[in-house]
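Visitor: I have a structure open and would like to go through it with you. Could we begin with the rings?

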2 protein chains.
Amino acid sequence: MYPVISISREFGSGGHSIGEKVAKELDIPFLDGEIVTKTAEESGYAKELIEEQGETASAANKWFDISAASAMYFQSPQDEIFLAQRKVILDAAKKGPCVIVGRCSDYILRNAEIPCLNILIHADMPHRITRVLERYGDITNVDVRKRIQKKDKQRRTYYRYYTDQQWGAYQNYDLALDSGMLGEDTCVHLICELASKIDKENS
Amino acid sequence: MYPVISISREFGSGGHSIGEKVAKELDIPFLDGEIVTKTAEESGYAKELIEEQGETASAANKWFDISAASAMYFQSPQDEIFLAQRKVILDAAKKGPCVIVGRCSDYILRNAEIPCLNILIHADMPHRITRVLERYGDITNVDVRKRIQKKDKQRRTYYRYYTDQQWGAYQNYDLALDSGMLGEDTCVHLICELASKIDKENS
């Protein structure tokens, strides 16, 4: 059986697209939009809010400004979204092999002791800038480099808040790939190669 | 043509052995003892000293205690060894494909803009303890976990001193592998797979 695959990625590194291709190649579910839909059902919050706050600590979200101590006394909407999303991720992983992108899924699955292949996708800034411009265009009028750095920072803050760990620490990944140097197809190939090996060992 | 392959590794992760097998499989030189011999010739220092101080900042080595500012006024034996070793690594890499383990080779080659496949091998503590006991036995009577942590620390201090960078930052590696989870043979396989791909693209 293929493993559950969790993909953590830097913004603009192509991790999402790599995950999608891996899922297609292995013919297993790719969980992205579905997580948002199900988390909305689970939590009662709007999909738009979950899309915005289900992975990043945005400036608009004041919950990350309060101390952990005061946070213990009540549950913020962000916490409720995290917990609902956590449940959706665990339910999906328990069902069988799938690819899950981001959302602290590496930590959530490890913590629940669900066997999982943990992948990190990263790339240097020039590669990421090219990719973001190709994919989104310069839609925000914000300098693209700054946009990438901001998105990374928001995700890292979110990850740190809910896992108490540093995002990107190599110890947390079975495989970390530089998609800028290796190219998207090589990353897909190496991940599928590994998943197939685990599949053979399991059967 | 195969790339030059630099392998950084945690102590006890099997990185040395993986590097050796990769070199054998690709039929390219594996540089380890040879670096020590040539650095001895280049620097005039004894091989034993180079083995001990060519990669680790040991407690016995007082040079790491002095500030960078005072270090600017003279060259320590450790600095002379580093520079001689750097020259040996660069000469070897310029000659053609090879596997080099540790010794800041990832930084040295990147800094000299010599194309290089940068690999990180790591494993969790239980796997490393098992491996160190199998390989070296409990020869020092020092608690094995402490020995591993000390060795890692010495290498990290050495790396930080000469590169001004944090050892293990994922951005520095094209591929990072958890040898404890993946197993040694899978690591060898993935690295060779990647080297062969680069070989094909180059030709």
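Visitor: How many aromatic pairs are found over all chains?

Guide: The search of the whole structure gives 12 aromatic pairs. Rings of Phe, Tyr and Trp (its six-membered ring) pair if their centres lie within 6.5 Å; planes under 30 degrees apart count as stacked, over 60 as edge-to-face and the rest as tilted. Please bear in mind that this is a predicted model, in which local features need pLDDT of at least 70 and side-chain atom pairs count only at pLDDT 80 or more, while totals for chains, interfaces and linings use all residues. Residues are numbered from 1 along each chain as its sequence is written, chains are lettered from A and ligands numbered from 1 in the order in which they are written, and side-chain values use heavy atoms, with hydrogens and water left out.

Visitor: Why is the pair Phe82(A) and Tyr162(A) called stacked?

Guide: The ring centres of Phe82(A) and Tyr162(A) are 4.1 Å apart and their planes lie at 5 degrees, so the pair is stacked. Phe82(A) belongs to helix H5 (residues 77-95) of chain A and Tyr162(A) to helix H8 (residues 144-163) of chain A, so the pair ties together parts that are 80 residues apart in sequence. Helices (H or I, at least four residues) and strands (E, at least two) are DSSP runs, numbered from the N terminus.

Visitor: Buried or exposed, those two, Phe82(A) and Tyr162(A)?

Guide: Phe82(A) and Tyr162(A) are both buried. Buried means under 20% relative accessible area, exposed over 50%, and partly exposed in between (1.4 Å probe, protein chains only).

Visitor: Which residues form an aromatic cluster with Phe82(A)?

Guide: One cluster holds Phe82(A), Tyr158(A), Tyr161(A) and Tyr162(A).

Visitor: And in chain B, what sort of pair do Phe11(B) and Tyr136(B) make?

Guide: Phe11(B) and Tyr136(B) are stacked, at 6.0 Å centre to centre and 15 degrees between the planes. This pair links distant parts of the chain, 125 residues apart: Phe11(B) is in the loop between strand E1 (4-9) and H1 of chain B, and Tyr136(B) is in helix H7 (residues 125-136) of chain B. Phe11(B) is buried at 7% relative accessibility, whereas Tyr136(B) is partly exposed at 34%.

Visitor: Changing topic: how do H1 and H10 of chain B cross?

Guide: Two packed helices are described by the angle between their axes and the distance between the axes. For helix H1 (residues 15-26) and helix H10 (residues 184-202) of chain B, the axes come within 9 Å and cross at roughly 45 degrees. That makes H1(B) oblique to H10(B). Angles under 35 degrees count as roughly parallel, over 145 as roughly antiparallel, 65 to 115 as roughly perpendicular and the rest as oblique. Axes are lines fitted to C-alpha atoms, for helices over the stretch in contact, and angles run from 0 to 180 degrees between N-to-C directions.

Visitor: Which classes of residue make up that contact of H1(B) with H10(B)?

Guide: The residues in H1(B) include Ile18(B), Val22(B) and Leu26(B), and those they meet in H10(B) include Val188(B) and Ile191(B). By class, the contact of H1(B) with H10(B) has 8 nonpolar, 2 polar and 4 charged residues. Ala, Val, Leu, Ile, Met, Phe, Trp, Tyr, Cys and Pro count as nonpolar, Asp, Glu, Lys and Arg as charged, and the others, Gly among them, as polar. Contact means heavy atoms within 4.5 Å.

Visitor: What about H2 and H5 of chain B, at what angle do they pack?

Guide: Helix H2 (residues 33-43) and helix H5 (residues 77-95) of chain B pack at about 125 degrees, their axes 9 Å apart. H2(B) and H5(B) are therefore oblique to each other. Ile35(B) and Lys38(B) are among the H2(B) residues at this contact, and Ile81(B) and Ala84(B) among those of H5(B). The contact of H2(B) with H5(B) has 5 nonpolar, 3 polar and 5 charged residues.

Visitor: Where does Arg103(A) lie?

Guide: Arg103(A) is in the loop between strand E3 (99-101) and helix H6 (105-111) of chain A. Its phi is near 60 degrees, a positive value in a residue other than glycine. Arg103(A) is buried, at 9% relative accessibility.

Visitor: And Arg103(B), what is its phi?

Guide: Phi of Arg103(B) is near 60 degrees. Arg103(B) is buried, with a relative accessible area of 10%.
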